[in-house]
Structures are given as C-alpha cells and as structure tokens.
Amino acid sequence: MSEPRTPLKARLRDPVGEQDIQRAWRGIRAKRALAETGSSRWTVGWLAGGALAMCLLLLFAGILPRPTLGYGETQALRAESGAPLEILSGAAEGPRDVRLTDGSRITLEPGAEAEVLENTGRSFVTLLRRGRTRFEVRPGGPRRWSVECSLATVEVVGTAFTVTRTEHRVLVEVHKGIVLVRGERVPERVRRLTAGQSLELSDEPAPVSTPTPEPKLAPEPPVVAPPIPRAPPVASAESWRVAARRGDHALAYARLGEAGLRREARRAENIETLLALADVARQSGHPLQAAELLEQASREHEGEPWGGLAAFTLGRLELETLGRPSRAAEAFARVIKQGEPRGLQEDAHARLVQALSQAGAWEQAREAATRYEQLYPEGYRLQDVRRWATGP
C-alpha cells in the first residue's frame, strides 16, 4: 500500500535542508545525462519541466533561498564587520581599520571623520571632513573611488594613498599606483600623482608684508662660483626613477637618453611606467618623444581610466606645445568615447571644441559646442566654448 501523501500546504511549511537541495541537483544532473544518451525527448522535457515548476514553486514560497548577487557591479560595499558605512570616525585609542567586502580598506587616524556620500556598484564617494585617512583600494574593481576634501577631489582606481585635511590645508600622498587630483586650487586644475609623490593645497591668504627699506651697504666684489659638474649618464633603470620622483626630470632624461627612453618604454610592464617616462620627456623639453609615449600608453590601455588620462595629456600636449590641433582633437575625442576618467569629461568636451576650432573644422566645432552645452548647461568652461565655436 502506498504511503499517504502529505498535503502541499504542510510540505511548504517544512524547511528544505541542504541534503534535499543536493538531492534535487543530483536528479537534474541525472536527467541531463539521460537526455545526452538519446532517451525520449518527450519524457526528458516533461521531467525537466516538472522539476523547474517545482523549483519555482518552492522559490516563491520562500523555502529555497533566493539567489543573491555578489558584491560586484550592482551591489553596494559593506564593512566586513557589518557596521554601516555612513559616518566613519577614528578611534581615540589609535588608528581604526574599516575593511570592506571587496578587499579594500580605510584606515582613520584618531580625530579623523569621513562621510560616505555615494555607495553603489559603480562608484564609492566619501567626504573627508577632517583628520588623516589612508585609503587602500582593491585593484581591478568595478567602482570609481573618489574622495572629496573641500579644496580638491581625489579620484583613484586600485591604489593606496593618504589624505590629510585640516581647517585650511589638504595634503595628498600617494603610496602605490596613481591618483588624479582636481580642483580650482590645483595647478592647471588637475594634477596626476604617482607613487612617492604628494600635493599640498591651502586656502589661507598670503600674508601681506610691508617692505622695509634695506640699509645701504658698500658693494662687495662679485663671487664667481665654480661650475657644478653634471652627473654622467647612469645605465641603471632605477636611477632615472629616483630623479623623476624628486621632480628632476632633466636629470632623469640625462640618465636615460633617447635610446634609454625607448628601451624602458618597450619593457614597461604597466601604464605607470609609461606615464612616468612621458613626464620625463615632456618636462625635460622633448615633447615629440613624450607624444609618442602618451600615444603608446593611451592605445595599449584603451578603455582603462589611466589610458583615458594618457589620451587627455596627449591632447593638451598636441594642442598647447606641438601646435597640432587635429591630432589633439583625435585624442580628446578618444577620452570622450572611453568615458574615463570621469573627472575629466567636461574638460575633454571643452578642449575638443578648442582643438576643432584651431584646426579650422568649424562645423564640427559648433556640433561639439552644442553637445557641451547639452551636457553641462552651467559648465565652468561654457563661455570659452561659445567663444571657440564662433567662427566663419
């Protein structure tokens, strides 16, 4: 005699254990194997349809766990401890580590306070209100990280850096990778910092001093200093990096030479090296070589944020130094097409209008100006864009 059937309502109240789930999966795999050996298609389809209907019934009844997405492109970040990511404060007894579910980490020194303004699968934005905070962003993640700190915005992808904010000053220090610092008080409104570099900004007014008359002294004979010998070129690849990090790009180029510059570009394993070499060439008075390096970086890393930064730097170099506006327009168009870095999109749209107008492509310049006004109706370059687009 067959066992009495349990009513469906009673079965739905019973929790389904892990063994039951595994048994169901084994049944599905067995049905798939049966189908592959040439069994009746009608029977297999009927069984599979019944299994699917039962899984859907259990799912909507709340017995089977609903599938959850990982912390990828559609999920907000969380603290591994489960603490909410809203207002983050440093502990009084020492630094406080906040480890996130994507492997990133925020370390707040005592007295530091940060507020999470945006937390989505595509961006993570914090406002550093005060104090010193270190950010270690997991490389290769889907999110654009940015830190607002009154005097500037720090934009990063996969790097380690520290931001210190006081009442009138902001200090950005890069420990690994590259960051982009934007703001009205940043030289030329944007500055790229690599590992070992830092940038300090201040909103304190310069003190006004009253000049005092200097006492008249008897003229002294001029002192002629002996000439300082130039450092001979060094073959070591590390030596040029040390000089570049100090900001002595002329010495870095002297240690490399044109052949060394090309050699290091061929063996470069990442875009940071290519951008550092381009800085050495550009700031030591070799713009053509810098343009080649930036072109290489933007092409090899197209679609990446720092590939877009290389293209933007190339556009400025072509427009302002080399006087090749058509090539500049191509570079700025590449930045816009990639959509990265997001913090430079408005500048790229405006510069595209400028480059097209200087190249004499007035119709394209006016079209680009119209796009700028549509995207940025209150943009800070609006007057410049309208002026550049005025032509024959």
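**View 1. Strands β4 and β5 pair in the antiparallel sense over 6 bridges.** The model is predicted. Strand β5 covers residues 123-136, and β4 covers residues 113-119. A hairpin of 3 residues joins β4 to β5. Asn-119 stands opposite Phe-124, which belongs to β5.

**View 2. Strand β1 also pairs with β4.** Strand β1 consists of residues 87-89. Its pairing with β4 is antiparallel and spans 3 bridges. Ile-87 has Glu-115 of β4 as its bridge partner.

View 3. The lining of the second largest cavity includes Cys-149, Ser-150 and Leu-151. Arg-165, Thr-166, Glu-167, His-168, Arg-169 and Val-170 also line this cavity, as does Asp-203. By class, the lining residues are 3 nonpolar, 3 polar and 4 charged. A probe the size of a water molecule, rolled over the atoms, shows where empty space is left.

**View 4. The protein chain holds 12 helices and 12 strands.** Of its 392 residues, 39% are buried. Among contacts with a separation of 6 or more, 48% link residues 24 or more positions apart. The accessible surface of the chain comes to about 23,400 Å². Carbon and sulfur atoms account for 53% of that surface.

Note on methods
Residues numbered from 1 in each chain as written. Predicted model: local features only at pLDDT ≥ 70, side-chain atom pairs only at ≥ 80, totals over all residues. Heavy atoms only, no water. Pairing = 2+ DSSP bridges. Helix = DSSP H or I, 4+ residues; strand = E, 2+ residues; numbered from the N terminus. 1 Å grid on protein atoms, 1.4 Å probe; cavity = no way out; pocket = protein on both sides within 12 Å on 5 of 7 lines; lining within 4 Å. Nonpolar A, V, L, I, M, F, W, Y, C, P; charged D, E, K, R; others polar. Buried < 20%, exposed > 50% of the residue type's maximum accessible area, 1.4 Å probe, protein only. Contact = heavy atoms within 4.5 Å. Areas by Shrake-Rupley, 256 points an atom, 1.4 Å probe, with all protein chains shown as cover.
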